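Q: I have a model open and want to read its main features. Where do I start?

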Amino acid sequence: HGKPTKLSLGGGLTQIIPYMFSYTGVGAAVINNQITTTPGSVWIPHTVRGIGNYAFCDCDYLAGLTMGFDGSLFDGVPKIGDGVFDDCDKFKYIKVRHSQRDKFNKVASNDPWRDYFKYLMSDPSFP
C-alpha cells in the first residue's frame with residue numbers, strides 16, 4: 001500500500017462547483033500506476049466560499065477534507081451543497097480550524113452544514 005494522498009487545491013480557488021470531483025479517484029494513493037485502497041484527504045484553501053452539490057459524490061478513496069477557512073475573506077462559513085459526500089464509503093472527517101469551529105456550530109438549523117456535523121472536527125493544533 002502507498003501513503004495516503006493529500007491533494008491541495010490552489011489558493012485562488014473560490015468555488016468547488018457541483019460534481020467537480022464526483023466519480024473520481026480523488027484522495028486515492030497511486031503507486032506504480034495502481035490505485036491503492038488507502039484513503040487520502042483534500043485540503044480546501046481559505047479562499048473557497050462554497051462547495052457545490054454532489055462535489056465529492058462517489059469518491060471511494062476520500063477519507064476527509066481539511067478546511068483552510070480562517071474567516072479572513074468573508075463572514076460566516078463557506079456554503080455547502082446537498083449530497084456532497086454521498087456514497088463516499090471511507091469518508092470520516094471534515095477538519096476545521098479550532099478558531100472557526102463556533103461559526104460552523106452556529107449555522108441555521110436549515111443550513112446544509114447540519115447534514116455534515118457528524119464529520120466536523122477541530123483541534124487546538126490547527127488554530
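A: Start with the order of elements. This is a predicted model. Along the sequence, the protein chain runs β-β-β-β-β-β-β-β-β-α-β.

Q: What share of contacts in the protein chain joins residues 24 or more positions apart?
A: Look at sequence separation. Of the contacts with a separation of 6 or more in the protein chain, 77% link residues 24 or more positions apart.

Q: How much of the protein chain is buried?
A: Take burial residue by residue. The protein chain has 127 residues, and 43% of them are buried.

Q: How many disulfides does the structure hold?
A: A disulfide is a covalent bond between the sulfur atoms of two cysteines. Here the number is zero. Cys59 is in no disulfide, and its nearest cysteine sulfur belongs to Cys88, 5.1 Å away. The cut-off for a disulfide is a sulfur pair within 2.5 Å. Cys88 is likewise in no disulfide, with the sulfur of Cys59 as its nearest, at 5.1 Å.

Q: Is Cys59 buried or exposed? And is Cys88 buried or exposed?
A: Compare the relative accessible area with the cut-off: buried means under 20%. Cys59 has a relative accessible area of 0%, so Cys59 is buried. Cys88 has 8%, so Cys88 is buried.

Conventions
Residues are numbered from 1 along each chain as its sequence is written. This is a predicted model: local features need pLDDT of at least 70, side-chain atom pairs count only at pLDDT 80 or more; totals for chains, interfaces and linings use all residues. Side-chain values use heavy atoms; hydrogens and water are left out. Helices (H or I, at least four residues) and strands (E, at least two) are DSSP runs, numbered from the N terminus. Buried means under 20% relative accessible area, exposed over 50%, partly exposed in between (1.4 Å probe, protein chains only). Contact means heavy atoms within 4.5 Å.
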